[in-house]
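Subject: Structure handover

Hello,

Here is the structure you asked about, with my notes below it. Please look it over before reading on.

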Amino acid sequence: MSTIQPNIEQPVSEEMQLVRRAKRGDDQAFEELVRRYDRNVFRIAQHITQNREDAEDVVQEAFLKAYSNLEKFQEQSKFYTWLVRIAVNEALMKLRRRKPERTVSLDEEVKTEDDSLPREVADWSPNPEQMYNQAELRDILTRTIQGLPEGFRTVFVLRDKEGLSTEETAEALGLSIPAVKSRLLRARLQLRERLNRYFRKKASGDGDQ
Amino acid sequence: MKCSEFLNELTNYLDGVLDARTKSELDDHLAWCHNCYVVCDTTRKTIEIYRDSELYELPEDLRVRLRSAIMTKCSAHKKSNPPSS
């Protein structure tokens, strides 16, 4: 079975040149960094806040904060990882202002006893992309990811949508690597389970046991 | 290998970060366990569907507006905090 590989390759040296120019006061270089990452920051912000206006605010606030703190960026990590950390913090502040925080532990060890495993006999066939048009699929994906706890959603979007490595995700979120891996597994399995309700083959005699 | 052990390694398996021996054990498990095969395959599809989706794309007109607002704020910040040289 094929494996999943991150889809972003970042030319670090070129990026660092832009950062150094921006640090010296070159605003065009900073604008280039904005151009490079504004789409990513917007996606991350909207995944976390689930609100378009909040996401717009987060994009502006995250880049302004990056600009005004650029001298503090030590260049030990990628600029993008540093920016993501700022953006995630801004997005979480927005979210918590709107929604009271629930104290649910997300980092318990994943218990996968054999009797609690998902039971499946039917694969997704035909492919979901063939069953739904773009708008319908987007609607399903939006509703599905909205149902995930924020802590799982954030790890999933950074790792699987934005292509950060496990280490970069841990750094951006201030989490341990085992915590990132545990949350990612739970996020992937929960999303799969939720999508399964839409995509499971409905043929008679197939499906439920 | 038990199904629970397979599931615990699912993320590492899909990310292709396992050593050859563990990967081979998981491949063997998948070859006979249809349930785990389906769970693994649909999890991989879940990731691919999200990755390929155009969820929360930034529209170009909004993008231009946001970038302009960002650079205006940066410029104002620079004026009120001139670099100390």
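In this predicted model, chain A splits into two domains, with domain 1 covering 12–98 and domain 2 covering 122–199. Between the C-alpha centres of domain 1 of chain A and domain 2 of chain A the distance is 23 Å. Twelve residues from domain 1 of chain A and 14 residues from domain 2 of chain A make up the contact between them. On the domain 1 side, helix H2 (27–49) and helix H4 (79–98) of chain A each supply at least two of the touching residues. That side of domain 1 of chain A consists of five nonpolar, five polar and two charged residues.

Next, the contact between the chains. Chain A puts 50 residues into it and chain B puts in 41 residues. Five helices of chain A each supply at least two residues to the side that touches chain B: H2, helix H3 (52–68), helix H6 (134–146), helix H7 (150–161) and helix H9 (177–199). Of these, H2(A) gives the most, with eleven residues. Sorted by class, the side of chain A that touches chain B holds 21 nonpolar, 18 charged and eleven polar residues.

Then the interior. In soluble globular proteins, nonpolar side chains tend to be buried together. Here the largest nonpolar core has 68 residues, and the members that touch the most others are A:Ile44, A:Ala45, A:Leu83 and A:Ala87. Both domain 1 (12–98) and domain 2 (122–199) of chain A contribute at least three residues to this core. Leaving aside residues up to four places away in sequence, A:Ala87 touches A:Val41, A:Ile44, A:Ala45, A:Val58 and A:Ala62.

Last, one pair of helices. Two packed helices are described by the angle between their axes and the distance between the axes. The axes of helix H8 (residues 166–173) of chain A and H9(A) cross at roughly 105° and come within 9 Å. Because of that angle, H8(A) counts as roughly perpendicular to H9(A). From H8(A), the contact uses A:Thr166, A:Glu167, A:Thr169 and A:Ala170, while H9(A) brings A:Ile177, A:Val180 and A:Lys181. By class, the contact of H8(A) with H9(A) has three nonpolar, two polar and two charged residues.

Regards

How values were computed. Residues numbered from 1 in each chain as written. Chains lettered and ligands numbered in written order. Predicted model: local features only at pLDDT ≥ 70, side-chain atom pairs only at ≥ 80, totals over all residues. Domains from an automatic or database assignment. Contact = placed C-beta atoms within 7 Å. Helix = DSSP H or I, 4+ residues; strand = E, 2+ residues; numbered from the N terminus. Nonpolar A, V, L, I, M, F, W, Y, C, P; charged D, E, K, R; others polar. Core = buried A, V, L, I, M, F, W, Y, C linked by C-beta atoms within 7 Å. Buried ≥ 20, exposed ≤ 12 C-beta atoms within 10 Å, placed from the backbone. Axes fitted to C-alpha atoms, helices over the stretch in contact; angles between N-to-C directions. Parallel < 35°, antiparallel > 145°, perpendicular 65-115°, else oblique.
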